[in-house]
Amino acid sequence: MTPYTLPVRDIVIVGGGPAGLLAATRCAEAGLDVLVLEEHPRIGDPTHCTGIISMECADLVKIPDEVVLNRLTRARLIAPGGVQTEVQWSDEGKEQVLVIDRGAFDRRLAQDAAAAGATVRTGVRADGLAVSASRAEVVVGRDRIDARLVLLTCGVSYALLRQVGLGLPARMIHTAQVEVPADPADRVELYFGSEIAPGGFVWTTPIFREGKPSIKIGAMARGDVGAYLTAFLARPSIRQRLQAPPPPPVRRLLPLGPGPRTYTSRVLVAGDAGGLTKPTTGGGIFYSLLSASLAAQTAVEACQTERLEEGFLQRYEHRWRRRLGPEFRVARWFREVLERCTDPEIDRLVRAIDAEDVQSVIHSTARFNWHRDLIVALAHQPGVLSSVLRSLLR
């Protein structure tokens with residue numbers, strides 16, 4: 001059977017998550033013919049992410065009240081030796097932090113994209129990507145979809161990037177998460193330590209789904225993250241808070257920083273596909289939305305001017321690096337420092353954060369999506385600095 005070649009599209013977007021759907025809306029609003037290909041049968045499923053965002057995301061997309069599962073005000077840090085401190089996230093004059101239903105959020109974005117004129121197709125897997133001087137060709141089964149430009153927002157799936165010569169993110173880490181009915185709670189908890197989650201941490205996030213309390217419990221770690229999460233869930237202090245047995249965890253790889261390049265001729269890469277997540281926490285929603293808006297801006301300019309070559313599309317990477325490059329550099333350094341800390345050093349670090357002067361620095365400097373200024377300020381605090389130096393000089 002001869003492969004069927006479909007009409008040429010202006011933009012084909014591979015991946016129907018927040019990045020792809022926001023970009024689809026922006027490009028369609030500019031009058032471009034946009035096709036979104038999502039491999040799963042339903043937008044938003046399966047959900048891999050906890051869904052913690054700040055209201056800064058509302059600068060890029062609408063956050064409907066119906067997708068909000070909780071409003072968070074504080075986080076508790078628990079060190080390996082039991083040392084604890086709390087960090088205030090939201091109070092008067094500070095940004096709000098929310099937990100959103102990622103599936104419902106994504107589906108709302110898909111509705112926006114369709115209303116703007118984009119075509120969103122689900123249950124369609126892009127198997128191949130090739131680029132020539134005259135077009136990009138996306139392979140879907142026996143079909144060939146020609147496009148003037150392709151935007152890859154396919155998450156942690158890098159086969160198509162390889163096919164057009166783009167590299168992978170330099171660092172990856174394993175994550176696993178469950179959602180379980182649980183006793184009500186009023187804060188996020190972050191647990192650290194080599195026995196709990198080496199190279200990462202375990203988190204608990206309280207939510208309300210259909211008015212009933214639940215908790216999202218996840219782990220980010222080197223090695224067998226499922227085993228670390230299972231061990232954490234078996235702790236008596238955790239088990240007694242759960243109102244049902246935990247389901248099998250949802251696992252995924254998570255990039256911790258950008259790949260070597262996020263563009264080539266007729267191709268742009270945004271969101272997790274480009275490794276655009278926070279190296280500190282792995283959070284990716286805001287960076288995905290921001291990079292998608294910049295990719296859409298570049299894609300519209302490229303299509304309107306017929307400048308689809310690599311040299312023109314490079315401006316996309318220049319744009320996101322101007323915004324996010326300093327964040328990546330400092331956050332990557334801080335993550336490397338923390339990974340070298342011993343459990344006693346983490347104890348000392350959390351104890352130092354509990355000090356009144358350090359809490360004052362956190363309160364005045366912390367921003368949910370922008371960690372650079374806080375990291376720099378903390379590194380100049382004597383108690384924090386001593387822990388940092390111990391790990392650096394070892």
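# Close-up views of a predicted chain

**Figure 1. The whole chain, seen through its surface and its fold.** The chain exposes about 16800 Å², an area from the Shrake-Rupley method with a 1.4 Å probe, where for residues only the protein chains shown count as cover; carbon and sulfur atoms supply 51% of this surface. Please keep in mind that this is a predicted model, in which local features need pLDDT of at least 70, side-chain atom pairs count only at pLDDT 80 or more, and totals for chains, interfaces and linings use all residues. Residues are numbered from 1 along each chain as its sequence is written, and side-chain values use heavy atoms, with hydrogens and water left out. The secondary structure amounts to 11 helices and 18 strands; these are DSSP runs numbered from the N terminus, H or I over at least four residues for helices and E over at least two for strands. The C-alpha trace spans about 65 × 45 × 40 Å along its principal axes. A compact globule of 394 residues would have a radius of gyration near 21 Å, and the 22 Å of the chain agrees with that; the radius is taken over C-alpha atoms, and the globule rule is 2.2 Å times the number of residues to the power 0.38. Of the 394 residues, 55% count as buried, where buried means under 20% relative accessible area, exposed over 50%, and partly exposed in between (1.4 Å probe, protein chains only). Among contacts (heavy atoms within 4.5 Å) between residues at least 6 apart in sequence, 72% join residues at least 24 apart.

Figure 2. Helix α1 covers residues 18–29, and its 12 residues reach 16 Å from the first C-alpha to the last. That is close to the expected 16 Å at 1.5 Å a residue, the expected span being 1.5 Å times one less than the number of residues. Because 10 of its 12 residues are buried, α1 is largely enclosed by the rest of the structure. Among the buried residues are Pro18, Leu21, Leu22, Thr25 and Cys27. Gly31 follows α1 and has a positive phi, near 95 degrees.

Figure 3. Leu109 sits in helix α2, residues 102–116, and is buried, with a relative accessible area of 5%. Leaving out residues up to four places away in sequence, Leu109 touches Pro18, Leu21, Thr25 and Val61. Pro18, Leu21 and Thr25 are themselves among the buried residues of α1.

Figure 4. Pro46 lies in the loop between β2 (34–38) and β3 (52–54), and the peptide bond that joins Asp45 to Pro46 is cis, with omega near -5 degrees. His48 belongs to the loop between β2 and β3 as well; His48 is partly exposed, at 34% relative accessible area. Beyond its neighbours within four places in sequence, His48 contacts Gln177, Val250, Arg251 and Arg252. The C-alpha atoms of His48 and Arg102 are 8.5 Å apart, though 54 residues separate them along the chain.

Figure 5. Leu149 is found in strand β11, residues 143–152, and is buried at a relative accessible area of 0%. Its contacts, not counting residues up to four places away in sequence, include Ile11, Val12, Arg266, Leu268 and Leu313. Arg266 occupies the loop between β17 (263–264) and β18 (267–269). Arg266 counts as buried at 9% relative accessibility, and has a positive phi of about 65 degrees although it is not a glycine.

Figure 6. Glu306 is placed in the loop between α6 (285–305) and α7 (310–340). Glu306 has a positive phi of about 60 degrees without being a glycine, and is exposed, with a relative accessible area of 53%. Phe334 lies in helix α7 and counts as buried at 15% relative accessibility. Aside from neighbours within four places in sequence, Phe334 is in contact with Thr280 and Ile375. Phe334 and Pro279 are 55 residues apart in sequence and 8.7 Å apart in space, C-alpha to C-alpha.
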